[in-house]
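Here are a few exercises on side-chain contacts, each with a worked solution. Keep the viewer open and try each one before reading on.

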Amino acid sequence: MRRATAPDRARPRLTRLGPSLGCVLAALPLAAPLLLSGPAQAQAPRGGAPAAVAAPAQVNSIVAVVNGDVVTAGEVAGRARLFALNAGMGPAPDVVQRLRPQVTRLLVDERLRMQEVQRRGIPVPDEDVAEAVKEIESRNGLPPGGLVGQLRASGIPPRALFDQIRNQIGWSRLVRAQLGQQAQIAPEEIAEFVAAHKARTGQPEYLVSEIFIPVDDPGAEPEVRRFVEDVVGQLRRGVPFPAAATQFSQSQTALQGGDMGWVRGEEFDPGVASILERMPPGAIANPQRVPGGFQIVALRQKRETGRELATMVTLRQAFLGFTSPLDPQNPTQQQIQALERARGLQGQSCQAVEAAARGSSRPADPGGPLPLEQMQPPQLRSIVAGLQVNRASQPLVTPDGILVLAVCSRETRNLAEMTPEQARVQILRDRIELASRQLQRDLRRRAQIDMRS
């Protein structure tokens with residue numbers, strides 16, 4: 001950036017905002033904690049080089065035949081690289097090879113599911129898959145086509161992702177159709193569920209994520225056990241739990257990255273419940289053998305049933321991005337204009353902040369209501385706590401732009417209180433999960449599966 005000339009010395013410096021919070025947070029990218037939702041963004045493989053491409057003979061070799069449909073080595077390698085990339089492991093050959101047995105089994109199960117979806121005439125048009133891809137790109141700040149570009153740059157055929165998405169959509173629709181009238185939850189069932197929850201006030205509850213890997217063939221149990229132990233090792237080394245759950249879990253919670261929500265100990269196998277009682281928040285348990293397979297659980301939080309008061313806030317944010325790196329001692333004209341515009345928003349309403357955010361790279365609504373006590377980093381929590389409702393904050397300077405926040409509502413709420421809608425969702429979720437596992441077992445039992453070496 002050019003050296004200041006004499007007239008420049010009169011220009012405002014972005015670090016000289018007096019005792020404002022923008023000065024304290026000049027080096028802190030505040031917008032990130034407000035925008036992190038959904039799965040981790042795919043990353044380029046370590047070293048920046050695309051993954052090695054297998055020889056045609058290897059790609060076309062058959063690893064399994066499922067009711068006459070083949071699963072090729074190329075499909076297995078593509079899905080393994082997709083998981084490795086999504087988990088931040090880097091699609092190295094040794095990683096792909098280690099994942100090969102379980103990925104093969106996963107693709108066999110997916111073939112069974114998709115065959116059943118097609119047999120029952122449940123449509124999954126390309127438009128639905130494209131919409132899901134668009135949503136993934138939006139959640140991760142990627143431009144249209146950015147996700148496909150990342151996959152191709154990493155040597156992963158986009159079809160590996162498209163097939164997985166299509167299968168998830170189709171299976172979810174199939175299971176819901178399978179439920180029929182059971183998908184309609186009667187008001188008395190909801191009332192009974194809410195009353196039972198209230199009667200448990202004071203008992204422990206756990207916020208849990210899970211990965212469920214079934215064991216349909218007793219002879220394959222040692223292989224499945226080795227795989228789940230390897231998954232736990234990778235999770236403890238930093239692989240995101242939602243990434244592993246989305247790729248490998250055979251539970252319906254896989255669609256939410258393994259999130260089970262708040263659950264009670266008695267909802268688990270006794271062995272898992274006993275471990276949850278002793279686990280500290282943030283821990284990942286060793287794989288546990290449960291009816292039907294292995295379960296990996298991660299404990300995120302603990303609380304008492306019916307007791308969790310929190311301050312819930314809804315926010316609006318306007319992010320005014322910089323077009324060049326910030327030199328706080330010598331800001332550009334564009335950066336000065338962004339600061340002046342942000343100063344003009346100070347004290348304005350939520351509506352004004354939302355209007356100023358139009359066209360920004362970051363959404364005006366970061367999602368919510370959000371629990372104030374859980375906001376990170378602590379500086380952000382302190383800022384939001386000190387704002388008056390419907391009055392925008394002072395400009396908060398970050399390295400790549402200026403942020404203005406406004407609290408639109410603030411209320412104290414008991415997060416542990418069960419609402420009728422939450423009860424309906426949980427009852428339906430449990431029924432869908434049971435139906436999914438039963439149908440998958442039936443398909444496996446009736447199938448003709450020829451596993452090749």
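**Exercise 1: an aromatic pair**

Both Phe227 and Phe248 are buried. Bear in mind that this is a predicted model.

Task: work out which geometry the pair of Phe227 and Phe248 has, stacked or edge-to-face.

Solution, step by step:
- Start with the count: the structure holds one aromatic pair.
- Get the ring geometry. The centres of Phe227 and Phe248 are 5.1 Å apart, with 75 degrees between the planes.
- Apply the cut-off: planes over 60 degrees apart count as edge-to-face, so Phe227 and Phe248 form an edge-to-face pair.
- Now place the two rings on the chain. Phe227 belongs to helix 10 (residues 221-236) and Phe248 to helix 11 (residues 241-248).

**Exercise 2: salt bridges inside helices**

Task: the structure has 25 salt bridges; take Arg343 with Glu340 and Arg445 with Asp442, and describe each.

Solution, step by step:
- Check the distances. For Arg343 and Glu340 the closest N and O atoms are 3.1 Å apart, and for Arg445 and Asp442 the N to O distance is 2.6 Å. The cut-off is 4 Å.
- Look at the spacing. Arg343 and Glu340 sit three residues apart in helix 13 (residues 333-345), about one turn of the helix. Arg445 and Asp442 are also three residues apart, in helix 16 (residues 420-446), so about one helical turn separates them.
- Finish with accessibility. Arg343 is partly exposed at 32%, and Glu340 is partly exposed at 41%. Arg445 is exposed at 62%, while Asp442 is partly exposed at 26%.

**Exercise 3: one more bridge, and a network**

Task: find which residue Asp450 bridges to, then say which residues are joined into one network by shared partners.

Solution, step by step:
- Asp450 forms a salt bridge with Arg452, and their closest N and O atoms are 2.8 Å apart.
- Asp450 has a relative accessible area of 35% and Arg452 has 40%; Asp450 is partly exposed, and Arg452 is partly exposed.
- As for the network, salt bridges with shared partners join Arg105, Asp109 and Arg444.

**Exercise 4: charges over rings**

Task: which rings lie under the charged ends of Arg289 and Arg362?

Solution, step by step:
- Arg289 has its charged end over the ring of Phe294, 5.5 Å from the centre.
- Arg362 lies over the face of Phe319, 3.8 Å from the ring centre.

Notes: Residues numbered from 1 in each chain as written. Predicted model: local features only at pLDDT ≥ 70, side-chain atom pairs only at ≥ 80, totals over all residues. Heavy atoms only, no water. Salt bridge = Lys/Arg side-chain N within 4 Å of Asp/Glu carboxyl O. Helix = DSSP H or I, 4+ residues; strand = E, 2+ residues; numbered from the N terminus. Buried < 20%, exposed > 50% of the residue type's maximum accessible area, 1.4 Å probe, protein only. Phe/Tyr/Trp six-rings, centres within 6.5 Å; stacked < 30°, edge-to-face > 60°. Lys NZ or Arg CZ within 6 Å of the ring centre and 35° of its normal.
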